[in-house]
Amino acid sequence: SVLLERIGAEKALLIKDKKIKKQKALPEISDEEKPFDLPDGWEWSRLGELFISIISGGTPSKRESSYWEGDIPWASVKDLGNERYISETQDHITQEGLDSGSKLADIGDVLICTRMGLGKIAIAATQIAINQDLKAVKLTKYLNIDFFLNTYSTIKIEGTGTTVAGIKQEELLNYAIALPPLKEQHRIVA
C-alpha cells in the first residue's frame, strides 16, 4: 500500500507539473478478481495504476510512397515477441510518415500488443514509431521493468472481435496483478 501511495504521489506531481494529464479513475478490484491471497506487504493493483502514460500508434498511408523507406524504425506486431528489447524493425517510415499519423515511443517505453499478437511485449531500445496494434507505455519508477515483463506474461489476455482478436485500452488498464514492495520485486527478478 505504501508503494501504491508513492505511485499516486509521483503521478500527482507529474500532473501538477503538466507533464501528464489526470487519468480516469479505475474501478476497485473486486474479490472475484483476486485469485489468491497475497503475502504481507503485497497489494492488488490495476495495470493502469502502474502506467504513467500510454499512447496508441498509427499506420501512415501505404499509398503514399514518401511516408515509407525512411530512417525511423516503425514497429508492428510482427516485430515483437522475439527479443526483450527492440531497436530494429522490418519496416521504416519517414518524418513525413510519422507526422501523418504514427506516434513515437521513447527509449525505455514498454510496447504492448493489443491486437492480433495479444501478449507480445518488448522494451523500446531506441525511439521507435508504432502502429495502431501497439501501445507505448511509460511505467512508474516504482516498478521494476523486468518484474513487470514477467508478471505481464502471466496475465490471461482474451481478445474479442469477429476478424481479429484484440483488447481495448480500457481492458488493458483494468487487468489486476499482485504487486509486491519494490525490494521484493528486485529479489523476484534476481
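Two strands pair if DSSP finds at least two bridges between them. Helices (H or I, at least four residues) and strands (E, at least two) are DSSP runs, numbered from the N terminus. This is a predicted model, where local features need pLDDT of at least 70, side-chain atom pairs count only at pLDDT 80 or more, and totals for chains, interfaces and linings use all residues. Residues are numbered from 1 along each chain as its sequence is written, and side-chain values use heavy atoms, with hydrogens and water left out.

Start with the sheet of 4 strands. Its order is β5-β3-β9-β6. The sheet is open and its pairing is mixed. The edges are β5 (91-93) and β6 (103-105), each of which pairs on one side only. Neighbouring strands here are turned by 65° against each other on average, direction ignored. Such angles are taken between axes, which are lines fitted to C-alpha atoms (for helices, over the stretch in contact); they run from 0 to 180 degrees between N-to-C directions. Strands of a sheet pair through backbone hydrogen bonds, either parallel or antiparallel. β3 (residues 68-75) and β5 take the antiparallel sense, over 4 bridges. There, W74 has D91 of β5 as its bridge partner.

Now the other sheet. Which strands make it up, and in what order? The order is β2-β10-β7-β8-β4, an open sheet of 5 strands with mixed pairing. β2 and β4 (85-86) are its edge strands, each pairing on one side only. Y85 stands opposite I123 of β8. Helix α4 packs on this sheet and touches β2, β7, β8 and β10. Contact means heavy atoms within 4.5 Å. The direction of α4 makes about 10° with that of β7.

Is β10 mostly buried or exposed? Of its 6 residues, 5 are buried. Buried means under 20% relative accessible area, exposed over 50%, and partly exposed in between, with a 1.4 Å probe and protein chains only.

Next, the loops. T126 sits between β8 (121-124) and β9 (128-130). T126 counts as partly exposed because its relative accessibility is 26%. Which residues does T126 touch beyond its neighbours within four places in sequence? They are P73, I86, S87, A105, D106 and I107. T126 and S87 are 39 residues apart in sequence, but their C-alpha atoms are 5.4 Å apart in space.

Two other loop residues stand out by phi. Most residues other than glycine have a negative phi. K18, in the loop between α1 and β1, has a positive phi near 60°. K18 is exposed because its relative accessible area is 74%. M116 lies in the loop between β7 and β8. The phi of M116 is also positive, near 70°.

Finally, the pockets. On a 1 Å grid over the protein atoms alone, a cavity is a set of points where a 1.4 Å probe fits but cannot get out; a pocket is an open set with protein on both sides within 12 Å along at least five of seven lines, and lining residues have an atom within 4 Å of a point. Grid points are joined across faces, edges and corners, and a volume is the space filled by probe spheres set on the points.

The largest pocket has a volume of about 740 Å³. It is lined by 26 residues, and K24, A25, L26, G48 and E49 are the closest to its centre. α1 (2-16), β1 (43-46), α2 (47-50), β2 and α5 (169-174) each supply at least two lining residues. α1 gives the most, with 5. By class, this lining has 11 nonpolar, 6 polar and 9 charged residues. Ala, Val, Leu, Ile, Met, Phe, Trp, Tyr, Cys and Pro count as nonpolar, Asp, Glu, Lys and Arg as charged, and the others, Gly among them, as polar.

The second largest pocket has a volume of about 310 Å³. Among its 14 lining residues, W44, T154, A176, I177 and A178 are the closest to the centre. α4 (145-152) and β11 (176-179) each supply at least two, and β11 gives the most, with 3. The lining of this second pocket divides into 10 nonpolar, 2 polar and 2 charged residues.
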